[in-house]
Amino acid sequence: VRADADWAREIRALADERDAVLLAHNYQLPEIQDVADHTGDSLALSRIAASSSASTIVFCGVHFMAETAKILGPEKTVLIPDERAGCSLADSITAEQLRAWKAEHPGAVVVSYVNTTAEVKAETDICCTSSNAVDVVRSIPADREVLFCPDQFLGAHVKRETGRDNLHIWAGECHVHAGINGPELAERAAANPDADLFIHPECGCATSALYLAGEGTVAPERVKILSTGDMLTAARDTGARSVLVATEVGMLHQLRKAAPEIDFRAVNDRASCRYMKMITPAALLRCLREGADEVHVPTDVADRARASVERMIAIGK
Ligand code: 13P
Ligand code: SF4
């Protein structure tokens with residue numbers, strides 16, 4: 001299947017027939033992003049899913065994102081073009097592991113990154129995304145213990161920003177972001193002394209970037225730890241002519257569209273999420289033709305998970 005003008009026309013016509021809204025995460029293939037009704041980060045897309053009047057949501061992203069849309073709109077039909085599109089970060093904690101962790105810390109508030117299964121969300125007090133994690137943790141009274149899962153690098157970022165000692169962090173990671181490492185970043189930053197650094201907080205190199213700033217290797221004002229959505233806002237505002245981007249490479253498409261005059265380069269151009277890339281032009285076409293794969297979340301799990309997702313939507317930008 002070629003993602004040409006005929007393909008795009010057929011996708012749009014099928015979406016209209018199904019009364020479907022097409023949502024695409026910033027890590028999707030460029031052609032998928034361009035045919036979608038909305039692109040964005042996980043928080044923005046959850047908000048759009050929650051407020052959309054369409055009866056069907058086609059989620060071009062990974063499975064936990066489609067599940068979140070289903071939790072927020074159980075009466076809607078939620079489709080994902082390939083249900084095998086998982087997430088290594090979501091796989092790094094199970095509901096059973098979280099229950100055992102909670103038992104070790106009675107009374108703690110559980111904050112889970114949205115990159116988790118519906119079962120984990122059902123054991124969670126408040127979900128967060130990378131764009132509102134700091135605000136979510138700040139909303140919790142200072143004397144309460146917090147269990148933060150599953151991403152250790154986002155957890156370290158939140159701990160740094162909030163200065164909270166009573167924040168416990170699960171040791172999970174995303175294989176794509178963990179692979180963007182400190183030495184690689186240091187080398188690229190040294191070779192591009194005028195470039196800004198846009199770094200996703202899931203990256204293994206986020207701590208190194210702040211270290212480089214601290215020791216004076218990189219000017220501190222050049223280092224920006226940002227969610228994918230916030231990278232787009234920063235791209236419109238930065239005065240820099242070039243930017244090194246530490247996140248999944250799909251992000252470069254939206255950044256280049258938002259600020260064509262800036263030279264955006266990946267810190268690691270092998271940082272591609274194979275799950276995100278399972279949403280191919282052929283998979284999207286099949287999805288709209290056949291109404292598959294449909295995402296189901298058991299009612300009892302969705303009912304228990306909903307409050308934590310709704311709190312996430314209410315907090316932060
Ligand atoms: P955001 O879109 O919230 O920045 O998340 C990044 C991510 O890894 C989603 O899979
Ligand atoms: Fe999950 Fe990482 Fe892929 Fe995002 S980039 S979907 S966190 S595996």
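**View 1. Cys-87 and its contacts.** In this predicted model, Cys-87 touches Val-62, His-63, Phe-64, Asn-115 and Tyr-275, with residues up to four places away in sequence left out; contact here takes C-beta atoms, placed from the backbone, within 7 Å. The residue sits in the loop between strand 4 (77–79) and helix 5 (95–104), where helices (H or I, at least four residues) and strands (E, at least two) are DSSP runs numbered from the N terminus. Why does Cys-87 count as buried? Because 22 other C-beta atoms lie within 10 Å of its own, and the cut-off for buried is 20 or more (exposed is 12 or fewer, partly exposed in between).

**View 2. The three cysteines listed by UniProt.** An unreviewed UniProt entry puts a "binding site" at Cys-87, Cys-174 and Cys-273. They are spread over 187 residues of sequence, yet they cluster in space, with a largest C-alpha distance of 9.4 Å. Such annotations may be inferred rather than shown by experiment. Cys-273 is in the loop between strand 12 (263–266) and helix 14 (281–290), and beyond four places in sequence it touches Tyr-27, Val-176 and Glu-248.

**View 3. The shell around ligand 2.** Here's who surrounds ligand 2: Val-62, Cys-87, Ser-88, Leu-89, Asn-115, Cys-174, Val-176, His-177, Glu-248, Cys-273, Tyr-275 and Met-276, counted when the C-beta atom lies within 6 Å of the molecule. By class, that's eight nonpolar, three polar and one charged; Ala, Val, Leu, Ile, Met, Phe, Trp, Tyr, Cys and Pro go down as nonpolar, Asp, Glu, Lys and Arg as charged, and the others as polar.

View 4. Asn-115 is in the loop between strand 5 (109–113) and helix 6 (118–121), and its contacts outside four places in sequence are Phe-64, Cys-87, Leu-89, Ala-90 and Asp-151. Ser-130 is buried, because it has 27 C-beta neighbours inside 10 Å.

**Notes for all views.** Residues are numbered from 1 along each chain as its sequence is written, while chains are lettered from A and ligands numbered from 1 in the order in which they are written. For this predicted model, local features need pLDDT of at least 70, side-chain atom pairs count only at pLDDT 80 or more, and totals for chains, interfaces and linings use all residues.

How values were computed
Contact = placed C-beta atoms within 7 Å.
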